[in-house]
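Hi,

Here is the structure I said I would pass on.

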Amino acid sequence: MAPDLDDIRAARDVIADVVKRTPVISSLTLSGDIGGNVVLKAENLQRTGSFKIRGATNKVASLGDVAVRGVTTGSAGNHAQALAFAAQHFGVPCEIFVPVGAAITKIDACRALGATVVEHGAALAEAVAAAKERANATGMTFCAPFDDPSVVAGQGTLGLEVIEDIDDLACVIVPLGGGGLISGAAIAVKSMRPDVRVIGVQAAVCAPYAGGTPADGPVLTLADGIAVKYPGELTGPLVERWVDDVVTVDEDAIADAMVLLMDRAKLYVEGAGAVGVAALLSSAVRPSPNGSTCVVLSGGNVDLGVVPSLIRRHENSSGRRLSVVARIDDRPGSLAHLLAVFADGGADLIEVQHVREGLELHVRETGIHATFAVRSIDQATALIVAARSAGYEIRPSTW
């Protein structure tokens with residue numbers, strides 16, 4: 001049976017000793033660039049790094065004595081960490097099944113909390129199926145990541161906080177994967193304030209709630225935490241009933257949102273948690289002209305291996321990094337002379353390498369691929385003009 005506002009209020013009492021009340025942070029950058037008053041619900045600062053601790057704690061608490069036999073789940077990471085934390089809090093065994101290749105940071109965090117972690121299958125559905133089989137074989141309780149009334153009620157406590165902390169709330173933008181967070185939050189928000197709009201955001205490559213057709217095999221996206229291919233049996237109807245609109249964002253918008261939050265808001269937010277900001281940046285959602293628009297940053301468990309690529313991409317697109325390919329004479333001093341042209345123009349060399357393949361070179365020529373830190377697109381353009389004026393055959397590179 002679907003939870004209601006009373007269930008969500010009861011869940012808040014149950015989880016109060018475990019779950020943090022995360023802050024609502026003003027965003028001058030988004031408000032100024034996009035218009036309207038935009039605020040951020042920083043659930044990335046929650047214990048275990050995401051909102052999932054709310055639902056997991058409420059679920060384990062609801063089991064009573066049955067929990068002593070242990071709990072298990074299949075999850076891409078955040079629900080796994082949350083369940084491991086809740087199990088440790090209540091002193092019960094926990095086994096986690098994750099897809100092969102799940103973020104190492106999330107796996108390590110689960111193990112640090114005392115859970116047994118098993119990598120199984122290429123997709124989330126396979127990990128979930130394995131966890132269910134384990135529960136049937138051992139008497140453990142399978143704890144669904146989103147499609148469970150206790151989980152939805154727990155996630156809904158975020159909606160209570162948003163209503164209480166933002167007096168002029170007009171719109172809430174929520175990441176949408178399986179639908180547990182947005183269902184619970186929407187029930188709480190709209191039960192008290194029917195006029196507030198609730199908008200879900202999905203990654204375009206995996207958007208079943210927006211009418212997308214699920215792809216075969218694993219889904220490659222920065223927003224892996226919401227890459228759920230099918231609506232839940234419980235959450236699907238709840239989203240249809242309580243949520244005003246569902247939009248999608250592409251990978252470039254997600255990457256831009258992650259970097260903006262790091263650079264301007266000083267917040268470390270994973271791709272799934274940043275899709276709401278991506279929706280504003282890409283104009284998939286317009287902020288409310290009256291009252292505050294609240295963007296839920298649902299998680300902060302970023303895979304560290306992704307960050308250098310995000311920064312490099314941002315530097316290239318914003319004109320802070322310039323890569324070039326040039327032909328030079330294969331004689332001593334030629335490379336130094338070319339680099340001096342860029343140094344005189346204020347560029348800072350990051351790396352340089354010889355390239356002899358893929359270019360039509362004279363026997364006494366060599367190719368050079370060089371990357372520089374620059375301050376603007378105008379400076380980059382001026383540097384290329386200067387190098388060509390100095391006699392070099394040179395072009396920008398996207399390497």
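Below is what came out of it, going from the sheet to the helices and then to a few single residues.

First, the ground rules: this is a predicted model, with local features needing pLDDT of at least 70 and side-chain atom pairs counting only at pLDDT 80 or more, while totals for chains, interfaces and linings use all residues. Residues are numbered from 1 along each chain as its sequence is written, and side-chain values use heavy atoms, with hydrogens and water left out. Helices (H or I, at least four residues) and strands (E, at least two) are DSSP runs, numbered from the N terminus.

Let's start with the open sheet. Six strands make it up, in the order E1-E2-E10-E7-E8-E9, with mixed pairing; two strands pair if DSSP finds at least two bridges between them. Strand E1 (24–26) and strand E9 (245–249) are at the edges with a single partner strand each, so one side of each has no neighbour in the sheet. From one strand to the next the twist averages 30°. E1 and strand E2 (residues 37–42) run antiparallel and are joined by three bridges, and Ile25 stands opposite Leu40 in E2. Helix H8 (residues 180–192) packs on this sheet and touches strands E7 (169–175), E8 (197–203) and E10 (292–297), its direction making about 170° with that of E8. Contact here means heavy atoms within 4.5 Å, and axes are lines fitted to C-alpha atoms, for helices over the stretch in contact, with angles running from 0 to 180 degrees between N-to-C directions.

On to a helix pair. Helix H10 (residues 251–263) packs against helix H11 (residues 271–281) at an angle of about 100°, and their axes are 7 Å apart. That makes H10 roughly perpendicular to H11 (65 to 115 degrees counts as such). Among the residues that meet are Ile254, Met258 and Leu261 in H10 and Val275, Ala278 and Leu281 in H11. The contact residues divide into eleven nonpolar, one polar and one charged (Ala, Val, Leu, Ile, Met, Phe, Trp, Tyr, Cys and Pro are nonpolar, Asp, Glu, Lys and Arg charged, and the others, Gly among them, polar).

Now E13. Seven of its nine residues are buried, where buried means under 20% relative accessible area (1.4 Å probe, protein chains only). Strand E11 (residues 321–329) runs antiparallel to E13, with nine bridges, and Ile328 has Thr366 as its bridge partner there. Strand E12 (residues 348–355) is also antiparallel to E13, through seven bridges, and Gln353 stands opposite His369.

The structure holds one aromatic pair. The ring centres of Phe342 and Phe372 are 4.3 Å apart and the planes are at 5°, so the pair is stacked (centres within 6.5 Å make a pair, and planes under 30 degrees apart count as stacked). Phe342 is in helix H13 (residues 334–344) and Phe372 in strand E13 (residues 365–373), so the pair ties together parts 30 residues apart in sequence. Phe342 is buried at 1% relative accessible area, and Phe372 is buried at 2%.

Glu95, in strand E4 (residues 94–98), is buried with a relative accessible area of 16%. Gly299 sits in the loop between E10 and helix H12 (307–317) and is buried at 1%. Leaving aside neighbours within four places in sequence, its contacts include Asn44, Ser50 and Glu270.

Cheers

Conventions
Parallel < 35°, antiparallel > 145°, perpendicular 65-115°, else oblique. Phe/Tyr/Trp six-rings, centres within 6.5 Å; stacked < 30°, edge-to-face > 60°. Buried < 20%, exposed > 50% of the residue type's maximum accessible area, 1.4 Å probe, protein only.
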